Amino acid sequence: MAANFVAYLAIFTFTAAFSGALASDPDLLQDVCVALPSSSGGVKVNGFACKDDANVTAADFFFDGLAKPGLINNSVGSIVTAANVEKVPGLNTLGVSLSRIDYAPGGLNPPHTHQRATEIVFVLVGELDVGFITTANKLVSKTINKGEIFVFPRGLVHFQKNNGDKAAAVIAAFNSQLPGTQSIPAALFTATPPVPDEVLTKAFQLGTKEIDKIKSKLAPKS
């Protein structure tokens with residue numbers, strides 16, 4: 001009996017680990033599951049409830065928002081245009097999404113993470129310095145040009161910087177319908193409620209005045 005239990009436990013552990021390594025989002029259980037806006041039913045699930053098949057149309061699977069550059073009007077000099085399940089309801093349960101990222105000359109996509117997805121970028125135009133930081137604090141970085149790709153492993157802090165004097169752009173692909181993005185500077189300095197000053201001053205070895213200055217620079221514009 002004990003031997004059987006150990007065998008079953010080993011099989012279960014292997015299966016869970018193997019399936020987790022292969023997929024990010026849960027696998028779909030039907031042909032399509034077009035997302036219903038959460039406001040329409042109030043149902044909370046891990047993802048989105050499905051629209052009735054009779055109401056599914058081609059528009060649920062279409063989005064033209066990546067066809068042209070996004071408007072950059074911020075201090076970091078980059079803009080992300082997402083094509084995820086919130087923009088393309090037909091992506092629900094399919095485990096993929098895209099984004100377009102546009103960079104002004106000198107523009108930066110600040111250090112951030114995607115908790116639910118690995119990212120791969122394809123350079124449409126321009127030249128970018130890109131990199132990610134491992135949990136051993138090793139920086140893995142490279143300069144990439146038009147037609148080249150670079151991969152950012154799931155959950156690791158990463159960035160892209162346009163050091164050229166011309167605009168740049170990439171298409172980013174994710175193995176999640178909603179990869180989630182957490183900007184490191186914004187998470188630490190613009191959280192609501194705020195991260196206590198004593199945490200930030202000790203972590204960054206800065207005084208309260210310097211912390212307040214950083215907060216004021218990162219605060220959302222009203």
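Visitor: Before we start, what counts as a strand here?

Guide: A strand is a DSSP run of E covering at least two residues, numbered from the N terminus; the structure shown is a predicted model.

Visitor: OK, which residues make the nonpolar surface patch?

Guide: The patch, of about 450 Å², is made by Ile120, Phe122, Leu124, Val125, Ile149 and Val151. Two elements give two or more residues to it, namely strand S4 (119-125) and strand S7 (149-152).

Visitor: And where does the largest share come from?

Guide: Strand S4 supplies the largest share, with four residues.

Visitor: Take isoleucine 120, then: where does it lie, and why is it classed as partly exposed?

Guide: Isoleucine 120 lies in strand S4, and it is classed as partly exposed because its relative accessible area is 33%, which falls between the 20% and 50% cut-offs.

Visitor: Switching topic, which residues does UniProt list for "binding site"?

Guide: The UniProt record, an unreviewed entry, lists His112, His114, Glu119 and His158 under that heading. Although these residues are spread over 47 residues of sequence, they cluster in space, the largest C-alpha distance being 11.7 Å.

Visitor: Which of these are in the lining of the largest pocket?

Guide: That lining includes His112, His114 and Glu119.

Visitor: Is histidine 112 buried or exposed, and what is it in contact with?

Guide: Histidine 112, which lies in strand S3 (residues 108-113), counts as buried because its relative accessibility is 4%, and buried means under 20%. Leaving aside neighbours within four places in sequence, histidine 112 is in contact with residues including Glu119, His158, Gln160 and Thr181.

Conventions:
Residues numbered from 1 in each chain as written. Predicted model: local features only at pLDDT ≥ 70, side-chain atom pairs only at ≥ 80, totals over all residues. Heavy atoms only, no water. Patch = residues over 30% accessible without salt bridge, like charges linked within 9 Å, V, L, I, M, F, W, Y side chains within 5 Å. Areas by Shrake-Rupley, 256 points an atom, 1.4 Å probe, with all protein chains shown as cover. Salt bridge = Lys/Arg side-chain N within 4 Å of Asp/Glu carboxyl O. Buried < 20%, exposed > 50% of the residue type's maximum accessible area, 1.4 Å probe, protein only. UniProt positions renumbered as here; feature names shortened; annotations may be inferred. 1 Å grid on protein atoms, 1.4 Å probe; cavity = no way out; pocket = protein on both sides within 12 Å on 5 of 7 lines; lining within 4 Å. Contact = heavy atoms within 4.5 Å.
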